[in-house]
Amino acid sequence: MNDGPNIARIAVAIGDRARADMLSALLGGQALTATELATQADITKQTASTHLSKLLDAGLVTVLTQGRHRYFQLAAPDVARLLENLTGVAERTGAVRVRTGPREPALRRARVCYDHLAGELGVALFDALVRCKLIELPASHGTEGGLIELTDKGRRFFDGLGIDLDASGRSRRAPCRSCLDWSVRRHHLAGTLGAAVLDRCYERKWAKRINGTRIVRFSRAGESNFRKTFGLRPAD
């Protein structure tokens, strides 16, 4: 008998197509009702309730009650990282949906991954931060991602942007970590710092979230300001 966590239980919970679709819908970081998740998974509300009970039992989602309404969300950031990595494996092994839509290029360009920026612009941001020595990767940093170090130069830089790194450090989440991007297969910035950077993009009106999707759309001027601020190269 093997000791340790039972990963098969988690795999079974994710392995159903409808449950996987609902989890993917929650990957955008928002809380959704059972009705909204049923629509995303193309199933009835009654069937969605059964699936959500299984996801709750597996510890993959949590439920928030507000008045008469119940909202579901991912239980923790590590669930989001797991789903993002599984999406990358599905893409690499050819397990992709036959039905694709016009939004796919936009998702690959820039999207929200739980609460931080992913896609081509997210990866370009991460590369620029490393190149400018604002963050550095520990020698043990692997392809799956993990904790990364914020340099003294990086602390001064983000402090200049008005990002309270001390407040980020008081969070239970890691302040600075990497996340393997499923579409680009390279890392983007996650953790509380990654979330703060995306919030700044929204606050400065460089970009906005497209309702009902994970797409983050930058205006032309907004992308230009984003690139200048974080030192992205023209080819990125």
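Helix α10 (residues 191-203) has 13 residues and spans 19 Å from its first C-alpha to its last, close to the 18 Å expected at 1.5 Å a residue. Keep in mind that this is a predicted model.

**Exercise 1.** Find out how far α10 is enclosed by the rest of the structure.

*Solution.* Let's start with the cut-off: a residue is buried when its relative accessible area is under 20%. Next, go along the helix and pick out the buried residues: Gly191, Thr192, Leu193, Gly194, Ala195, Ala196, Val197, Leu198, Arg200 and Cys201. That is 10 of the 13 residues, so α10 is largely enclosed by the rest of the structure. For the chain of 236 residues, buried residues make up 42%.

**Exercise 2.** Describe how helix α7 (residues 120-131) and helix α11 (residues 220-230) are placed, using their axes.

*Solution.* Two packed helices are described by the angle and the distance between their axes. Here the axes of α7 and α11 come within 10 Å and cross at roughly 20 degrees. Angles under 35 degrees count as roughly parallel, so α7 is roughly parallel to α11.

Now see who meets whom. From α7 come Leu121, Leu125, Ala128 and Leu129, and from α11 come Glu223, Phe226, Arg227 and Phe230. Sorting the residues of this contact gives six nonpolar, two charged and no polar.

Technical notes: Residues are numbered from 1 along each chain as its sequence is written. This is a predicted model: local features need pLDDT of at least 70, side-chain atom pairs count only at pLDDT 80 or more; totals for chains, interfaces and linings use all residues. Side-chain values use heavy atoms; hydrogens and water are left out. Axes are lines fitted to C-alpha atoms, for helices over the stretch in contact, and angles run from 0 to 180 degrees between N-to-C directions. Helices (H or I, at least four residues) and strands (E, at least two) are DSSP runs, numbered from the N terminus. Angles under 35 degrees count as roughly parallel, over 145 as roughly antiparallel, 65 to 115 as roughly perpendicular and the rest as oblique. Contact means heavy atoms within 4.5 Å. Ala, Val, Leu, Ile, Met, Phe, Trp, Tyr, Cys and Pro count as nonpolar, Asp, Glu, Lys and Arg as charged, and the others, Gly among them, as polar. The expected span of a helix is 1.5 Å times one less than its number of residues. Buried means under 20% relative accessible area, exposed over 50%, partly exposed in between (1.4 Å probe, protein chains only).
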